[in-house]
Structure formats: C-alpha cells, structure tokens
Amino acid sequence: MTKAELNCLDHPTTLPSDEWFNSFFGEFKEHIPLRTVVHKDVNRIATCNIQSINDHFYSQQGILSTMMEAGIFDAATGRFDPSRIANMDETSEFFCYEQSTKGRCCKVPGGSRKGPVVAAQQDQRETYTVNMIIGGDGFMYGPQIIFAAEQLTSAHDITNDLPTVGFSQGDPFDNIISERMSSSSFLLVSPTSKGVQTTTSLKHRLEMFHRELTLRGVQFPFVLMLDNHTSRFNEEVARWCVSHREDIIMWVANPNTTSWAQALDQINHRFHQSSHRAKREYVNQICVRNSCRPHEV
C-alpha cells in the first residue's frame, strides 16, 4: 500500500490526490465505466423547486389537503394525529453468488489487489426487495420481503425456515402489535418473478397492513403515502382501493419528488447497512444448519 493510501486510512476525511485517481482509473479503465448524469437524474434535480414543493404540500391534491379532508389535520387549530398517516417505500438489495462481492464488481479468482475486475453478471446475483411502512408517530409496521426464488432457494427454502430475527434480537415474527415497542411483528414473504414489487404482491401487502391497523385500533380513514412505482397503477390495486376507500387513502406523490419529499428515502441508507448485517447472519444460520459455505447458499 502506498504512502498516500495509508494517509487516507489514517485520515478518513482526506481524499486521494488527482494523480492517484488518474493512475487508478488508468489501470482499470476497461472495467470501471464512468457514471454520467442520466435523464432521470436531470428530472429529479429539475423537480426540486418552489412550485413542486407547493404542489406537494399545499395544492388541492397535496398532502396537507388530503390530511384535512381525512380529518387528520386541522389547519385552524393546528391539531394533527400522526398515528393516522404513514409512508410506505420499497428498497432493493442483491444476493450475489460465486465470486461476486457486494455491489456491481467481483474479483477474478486468484486475482491480486491489482488484478482484473469484472462486472457481476445477471446470473450471479438475484434481487430482493424489502417494503417498509413507518407511521407518522414512529410506529414500525411489519415488513414485506419480496424475492425471485430462483438461485436463493437452490440450497434452502426461505419460506420453510425464516430467520429468528424480529424487531428486537431473538424475537420471532408472530403477528403481534406492540405499542410499547412501537412495532408490529407481522411479516409477509412475497415471491415474484424478478424480486420486485408487483400489483399482486402490493395488494397482499395492503391487506396485511389493513389487518395491522385494525388490530392496532387506529382510527380510519388512514392516509398512506407512496411513490409512483408502476405497481400502484393497475386495475387490481384500484379495485382494492375503492373497496377500502373508507379506511385507507392511498396518496401517491408526483414523479421524481421522492428523493427530497419522501421520509423513507432519507433513511433507507441506514436500512441497507442493517440489511447487510442481517443478510450475513441469515446466510450463516443456513450454513450451520446445512453444513455448507456462504458461496454455496
């Protein structure tokens, strides 16, 4: 390790020099594509303006108007019931296989620190999604785990042997509402073709959420804030919303606004850290039970 690299380790806030970056990218330029600003990024930046903020909060279809119509917020007195509003958001992770490490890159077998780096292929990883709902009062509703059930279950069936890790260490998912812990121990496992949310899996999540609200004794109507993922816009989901319109109001944010307006978008990076730890623990549990190594799971 060079002196410059050691200096960065000793001083984490110190960045390597331009010369070091040029040398590094020069060595791996065929394997490390430079990130460019894509159209989606431009749209997100463009929507962060006064007009979008006013539309999000104060327009006739804004979240404040929706809460006032539902009786959750009283503009005259300022009274607000945070237990009757929540934010739902999905965040995706990857299970990597063979020589893949986390993220997009993996080292070729036998390669040194300066050895060649290659991109992980699609058949080396599988997407899984965690869908969380957090109430305005801080209550954490039960998670939904969505996975493709292709390579993940090749050596183990997740639906038959879920990890014994709940919202506190060692607690199982046993469908209990705990106001003392501000959490629900409900759990929904949803296999989908690509490990992402679909209209059917979303409807199942909404059905479980309705049971949680009923068991918790929350006053209806309840406002559920979501982003505009394609799973929201389907006849199957629309029919469910109509049949439950007296109980749950689904409020969908405008496109490209969740990066600055959605609460769960701001804290998902912490979830990813916890997810990585839980994933390693789960894989270790499987290895102990099945006498196998992590890369064989």
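Biologist: What is the relative accessible area of E236?
Modeller: This is a predicted model, in which local features need pLDDT of at least 70 and side-chain atom pairs count only at pLDDT 80 or more, while totals for chains, interfaces and linings use all residues. Residues are numbered from 1 along each chain as its sequence is written, and side-chain values use heavy atoms, with hydrogens and water left out. A residue is called buried under 20% relative accessible area, exposed over 50% and partly exposed in between, using a 1.4 Å probe and protein chains only. E236 falls in the partly exposed class, because its relative accessible area is 26%.

Biologist: With which residue does the side chain of E236 meet in a salt bridge?
Modeller: A salt bridge here is a side-chain nitrogen of Lys or Arg within 4 Å of a carboxyl oxygen of Asp or Glu, and the N to O distance in this pair is 3.5 Å. The pair links distant parts of the chain, 33 residues apart, with E236 in helix α7 (residues 235-243) and its partner in helix α6; helices (H or I, at least four residues) and strands (E, at least two) are DSSP runs, numbered from the N terminus.

Biologist: Which residue forms a salt bridge with R216?
Modeller: In this pair the closest N and O atoms are 2.7 Å apart. R216 belongs to helix α6 (residues 199-216) and its partner to the loop between β6 (177-178) and β7 (183-184), so the bridge ties together parts that are 37 residues apart in sequence.

Biologist: Which residues are in contact with T66, leaving aside its neighbours within four places in sequence?
Modeller: T66 sits in helix α5 (residues 63-69) and counts as buried because its relative accessibility is 11%. Contact means heavy atoms within 4.5 Å. With the neighbours within four places left aside, the residues touching T66 are Q61, V223, I249 and W251.

Biologist: How far apart in space are K279 and F94, C-alpha to C-alpha?
Modeller: K279 is part of helix α9 (residues 263-290) and is buried, with a relative accessible area of 17%. In sequence, K279 and F94 are 185 residues apart. Their C-alpha atoms are separated in space by 9.9 Å.

Biologist: Which element of the protein has the lowest mean pLDDT?
Modeller: pLDDT is the predictor's confidence in each residue, from 0 to 100, and the protein averages 76, with 66% of the residues scoring at least 70. Over residues 97-120 the value stays under 50, although the model has 42 contacts beyond four places in sequence for them. The highest mean among the elements, 96, belongs to strand β9 (residues 222-226), while the lowest, 39, covers residues 105-107, which form strand β2.
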